[in-house]
Amino acid sequence: MIDSVSYRWPIQTITLPVEVPYTTIKEDLIIGSLPTALDSNVNNFSNTYINLFDLSGHNFIKSYMFSDHDAERQILEDIVNTIDKLSSSYEITEIVNTYNILGVACGNPGTTLVTIPQDVYITEISTYHWCDGGQPAGTHSLYNLNSFLMYGPFSGTTDFRFWVSSPNTYVPGGNYEVIDSEPSTWSHTYSGGFVRISGILCY
């Protein structure tokens with residue numbers, strides 16, 4: 001059971017879970033004058049400091065995001081934590097997989113075409129570089145053959161002989177060419193390079 005706190009407005013009661021993050025600075029005279037507002041939870045400026053850029057303390061940029069102060073740090077931290085929670089609540093699905101159990105050929109595989117069946121938030125692209133001798137990873141890009149738009153390049157890291165990038169970007173469903181920055185060592189079986197694409201399906 002989630003604890004909650006309620007605030008009564010003239011025509012309705014609003015209930016907020018306690019864990020919902022918020023930031024209200026002590027210096028915000030506008031919010032502080034509202035009897036139904038959430039209590040301030042950040043003393044953004046010292047008692048001897050006056051923010052001459054915003055005497056009301058209510059301007060988001062001039063007061064709440066005042067550089068190197070507590071409110072800015074708390075807001076940015078809350079954003080990162082919320083994104084992490086939202087990301088972990090969705091299932092990562094394998095969207096594309098061109099690997100097979102046949103022998104691995106080395107050298108440029110030529111054009112590697114894949115179909116992404118629906119809109120997706122791509123979290124990972126992986127290509128196989130068995131023949132690269134352990135070289136540092138290059139980049140991945142996706143070229144949309146329908147809209148002629150390029151997504152990337154996305155920098156990769158080496159995981160044994162796999163090059164793995166984390167685009168963390170939305171792409172629409174459609175036909176794509178997968179572009180690897182070092183095709184001369186991209187492993188394949190004469191039908192396009194080995195690639196896996198994973199992400200969160202958009203509905």
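1. Let's start with burial. In this predicted model, buried residues account for 33% of the 203 residues in the protein chain. The accessible surface of the chain comes to about 12500 Å², and 58% of that belongs to carbon and sulfur atoms.

2. Next, the overall layout. The chain has three helices and 11 strands. Of the contacts with a separation of 6 or more, 66% are between residues 24 or more positions apart.

3. Now look at the rings. There are 11 aromatic pairs in the structure. Ring pairs join Tyr99, Tyr128, Trp130, Phe160, Phe162 and Phe194 into a cluster. When you describe a pair of aromatic rings, give the distance of the centres and the angle of the planes.

4. Arg161 lies over the face of Trp130, 5.2 Å from the ring centre. Arg161 also lies over the face of Phe160, this time at 5.7 Å from the ring centre. Both Trp130 and Phe160 belong to the ring cluster.

5. On to charges. The structure holds two salt bridges. One is between the side chains of Arg73 and Asp70, at 2.7 Å from N to O. Why are these two about one helical turn apart? Because they are three residues apart in helix 3, which covers residues 70-88. Arg73 counts as partly exposed, at 42% relative accessibility, and so does Asp70, at 40%.

6. Glu94 and Arg196 also meet through their side chains in a salt bridge, at 3.7 Å from N to O. This pair links distant parts of the chain: Glu94 is in strand 3 (residues 93-97) and Arg196 is in strand 11 (residues 195-201), 102 residues apart. Glu94 is partly exposed, with a relative accessible area of 45%. Arg196 counts as partly exposed too, at 30% relative accessibility.

7. Last, a spot on the surface. Which residues form a nonpolar patch there? They are Ile50, Leu52 and Leu55, and together they have about 370 Å² of accessible area. Leu52 sits in the loop between helix 1 (29-32) and helix 2 (60-64). Is Leu52 buried or exposed? Leu52 has a relative accessible area of 70%, so it counts as exposed; the cut-off for that word is over 50%.

Technical notes: Residues are numbered from 1 along each chain as its sequence is written. This is a predicted model: local features need pLDDT of at least 70, side-chain atom pairs count only at pLDDT 80 or more; totals for chains, interfaces and linings use all residues. Side-chain values use heavy atoms; hydrogens and water are left out. Patches are made of residues with over 30% relative accessible area and no salt bridge: like charges are joined within 9 Å, nonpolar side chains (Val, Leu, Ile, Met, Phe, Trp, Tyr) within 5 Å. Accessible areas come from the Shrake-Rupley method with a 1.4 Å probe; for residues, only the protein chains shown count as cover. A salt bridge is a side-chain nitrogen of Lys or Arg within 4 Å of a carboxyl oxygen of Asp or Glu. Helices (H or I, at least four residues) and strands (E, at least two) are DSSP runs, numbered from the N terminus. Buried means under 20% relative accessible area, exposed over 50%, partly exposed in between (1.4 Å probe, protein chains only). Contact means heavy atoms within 4.5 Å. Rings of Phe, Tyr and Trp (its six-membered ring) pair if their centres lie within 6.5 Å; planes under 30 degrees apart count as stacked, over 60 as edge-to-face and the rest as tilted. A charge sits over a ring if NZ of Lys or CZ of Arg is within 6 Å of the ring centre and within 35 degrees of the ring normal.
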